[in-house]
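Here is a short report on one protein model. Take a look at the sequence and the fold before reading on.

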Amino acid sequence: MEKKLSTFDLADYEYAGEGANSKSYNSKSNPEEMLKLFSDVYPVDAIREEVEVARKVWEIGVPSPKPGELVSDGKQLGIRFWRIPNKVSFARAVANNPEQVDKYAKQFAQMCKDLHSKHCKPGLFPDNKQHYLEMLAEDTAFNADEKMKIENFIKSVPDTDTCLHGDMHFGNVVTDGTKNYFIDLGEFATGYPLFDVAMLYIVCVVNVDDFIYENFHFHKDLAEKFWKAFVPEYFGKDKTLEEVDSLIKPFAAVKSLLIERNLGGVMLPIFENLFRTSILAEK
């Protein structure tokens, strides 16, 4: 028999912020507790998976908020977390302090390098390549020949047991001013690090200004400055932006399959263009 979920009363919490699929609340009575409350259209299985993944990630030592239990108010599901006092996302920090964009980009690059130097026990988290191959098989945006080319690229990527955040961008890391933490770990996986970096590339370089401003509170020119400061810190100063752009674009194209899935199967023109100018480009 499935264990009955603990309950909560939203009146005991105060609103703290929100993401695409959830809102966060701080406990009024316990300064060490916060609640991540999911929208009622978010799949229940995905919520249950997220709390399990968050627990595994915390247990292997990745800097992240310690997860508590899965809870319900009878209508919506949530996850309790140990609260990080005075936390702010890097996105909000950059929006509030645009003159410090280089500082936050370099800190973020070091966090990513540290994560990508960590190896996960096989089978502990999903395999990134297999995940994309499965999504590609179900995709309807490409014909058979195009799918074969994309599949061949995915299969050509080295197999690694490197830890990947899965949704790695400046909105998914928070700081308390002393220590930085990864959050929103539902896509955590193992695989080749450039699939992780590709998400930041999409957020900073590929996305349009309106999307960036709506979700991260600043305009694309500042996001591009973040990327330009991130690149030499992560890849090394001998790599030019043009070289990294050419290197990362096919990974960003494959990464967009995940975004397409989350949009209900809609392939946006900006993502189709990633494929046309990288994996599917005429040789």
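Where is L263 found? L263 sits in the loop between helix 9 (241-262) and helix 10 (269-276).

## Basis

This is a predicted model: local features need pLDDT of at least 70, side-chain atom pairs count only at pLDDT 80 or more, and totals for chains, interfaces and linings use all residues. Residues are numbered from 1 along each chain as its sequence is written, and side-chain values use heavy atoms, without hydrogens or water. Helices (H or I, at least four residues) and strands (E, at least two) are DSSP runs, numbered from the N terminus.

## Loop residues

L263 is partly exposed, at 43% relative accessible area. Buried means under 20%, exposed over 50%, and partly exposed in between (1.4 Å probe, protein chains only).

N86 lies in the loop between strand 6 (77-82) and strand 7 (88-89). Its phi is positive, near 60 degrees, and N86 is not a glycine. N86 is exposed, with a relative accessible area of 69%. D184 also has a positive phi, about 50 degrees, without being a glycine. The loop between strand 10 (180-182) and strand 11 (189-190) holds D184. D184 is partly exposed, at 33%.

Six strands form an open, mixed sheet in the order 1-5-6-4-3-2. Strand 1 (6-7) and strand 2 (13-18) are at the edges with a single partner strand each, so one side of each lacks a neighbour in the sheet. Pairing requires at least two DSSP bridges between two strands.

Strand 2 pairs with strand 3 (residues 22-27) in the antiparallel sense, over five bridges. There, E18 stands opposite K23 of strand 3.
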